[in-house]
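Q: Hey, can you walk me through this protein? I'm new to reading structures.
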Amino acid sequence: MTHTTQVPHRRPVPDRSGAAPAAPPPARRRPAPQQWAAWAFLTPVTLYLVLFYAYPLYRNLDLSLRHYTVRSFVQGDAPFTGLQNYRTVLDDPTFAPALLHTVVFTAVCLAFQYAIGLALAVFFNQHFRLSATLRALFLVPWLLPLIVSASTWSWMLNSESGVVNAALHAVGIDPVNWLTSPSWSLTSVIIANIWIGVPFNLVVLHSGLQSIPSGLYEAAALDGAGPWRRFWSITFPLLRPVSAITLLLGLVYTLKVFDIIWIMTKGGPAESSTTFATWSYQLGFGNLLPAFGPGAAVGNLLVVAALVFGLVYVRAQRKQALS
């Protein structure tokens with residue numbers, strides 16, 4: 001018969017000072033395969049954000065805080081000037097008109113794009129025959145390259161050979177100088193941008209309508225609510241989260257619209273359609289002696305405006321979630 005000898009548990013022997021020795025450090029755990037996979041998927045996204053977002057923002061901020069010339073832009077020895085470029089922009093006589101045009105252009109485009117997009121979304125939500133085909137046709141302006149859309153509107157609004165003036169002449173209305181008159185140039189680019197932005201609002205708002213239960217409309221109809229009452233009591237309130245993100249994305253996009261305005265009017269005539277986006281380009285690249293610092297400062301003002309509205313949206317969403 002074999003006897004098993006048990007080794008008694010040895011307590012840690014205190015040192016001469018009477019304190020027990022410290023426990024050995026725990027062994028370091030190796031990352032699990034799932035963690036390596038997560039880092040593998042995260043690395044390309046991080047590199048993309050750093051290279052194409054963080055670094056350009058840093059460079060634009062650096063441009064706005066230094067006095068850059070063509071030589072210093074290449075050699076990188078531009079002197080630091082602090083907020084001097086921002087003071088130059090604020091004192092420029094173009095600042096006030098450009099700010100007004102930016103506000104008017106953004107507000108009018110957002111209002112009409114959202115209103116028309118919502119009306120079309122409600123219309124196509126009825127699921128009648130050919131609704132899918134017609135909805136797909138409304139996406140054509142969104143799918144076309146912006147240079148094609150802007151060039152098409154430039155041709156349509158041409159004072160001499162445009163189809164719009166031809167239609168006005170056919171009904172006895174005098175032709176309008178849409179692109180060459182300071183009174184109509186901003187209106188022209190607003191019309192073109194509204195036409196381009198309506199499909200985006202249509203798609204997003206139509207998707208939001210699909211998430212509203214049809215039983216709510218049936219119950220409201222049984223209670224005697226008409227179409228307008230159902231829209232204001234059911235559709236519009238339940239679309240608020242989708243409407244908020246639609247307006248926020250539309251705001252960020254409209255603030256930075258450049259190509260449509262530049263192709264159609266180049267910010268003119270007499271700066272009548274100049275916005276911050278076109279002004280920033282004119283300062284940085286539109287002259288023989290480019291003003292890189294003031295141009296970057298105008299671009300940073302647009303970035304700050306977009307960030308402010310984004311923070312307002314996030315705060316409003318947080319309050320709505322807590323309430």
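Predicted model: local features only at pLDDT ≥ 70, side-chain atom pairs only at ≥ 80, totals over all residues.

Q: Okay, what secondary structure does the protein chain have?
A: The chain has 15 helices and zero strands.

Q: And how much of the chain is buried?
A: Of its 323 residues, 33% count as buried.

Q: Let's pick a helix. Which residues of H7 are buried?
A: In H7, which runs over residues 146-156, they are Ser 149, Ala 150, Trp 153 and Ser 154. They span an arc of only 135° around the axis, so they sit on the same side of H7.

Q: Why would residues with gaps between them point the same way?
A: An α-helix has 3.6 residues a turn, so residues three or four places apart point the same way.

Q: What covers the buried residues of H7?
A: The cover includes helices H6 (140-143), H9 (185-210) and H13 (259-264).

Q: New topic: how many aromatic pairs are there?
A: The count is 19. In one of them, Phe 124 and Phe 138 have ring centres 5.6 Å apart and planes at 70°, so that pair is edge-to-face. Phe 124 lies in helix H4 and Phe 138 in the loop between H5 and H6, so the pair ties together parts 14 residues apart in sequence.

Q: Is Phe 124 buried or exposed?
A: Phe 124 is buried, at 1% relative accessibility, while Phe 138 is partly exposed at 36%.

Q: Which residues do ring pairs link into a cluster?
A: Phe 258, Trp 262, Tyr 281, Phe 285 and Phe 292.

Note on methods: Residues numbered from 1 in each chain as written. Heavy atoms only, no water. Helix = DSSP H or I, 4+ residues; strand = E, 2+ residues; numbered from the N terminus. Buried < 20%, exposed > 50% of the residue type's maximum accessible area, 1.4 Å probe, protein only. Arc of directions from axis to C-beta. Contact = heavy atoms within 4.5 Å. Phe/Tyr/Trp six-rings, centres within 6.5 Å; stacked < 30°, edge-to-face > 60°.
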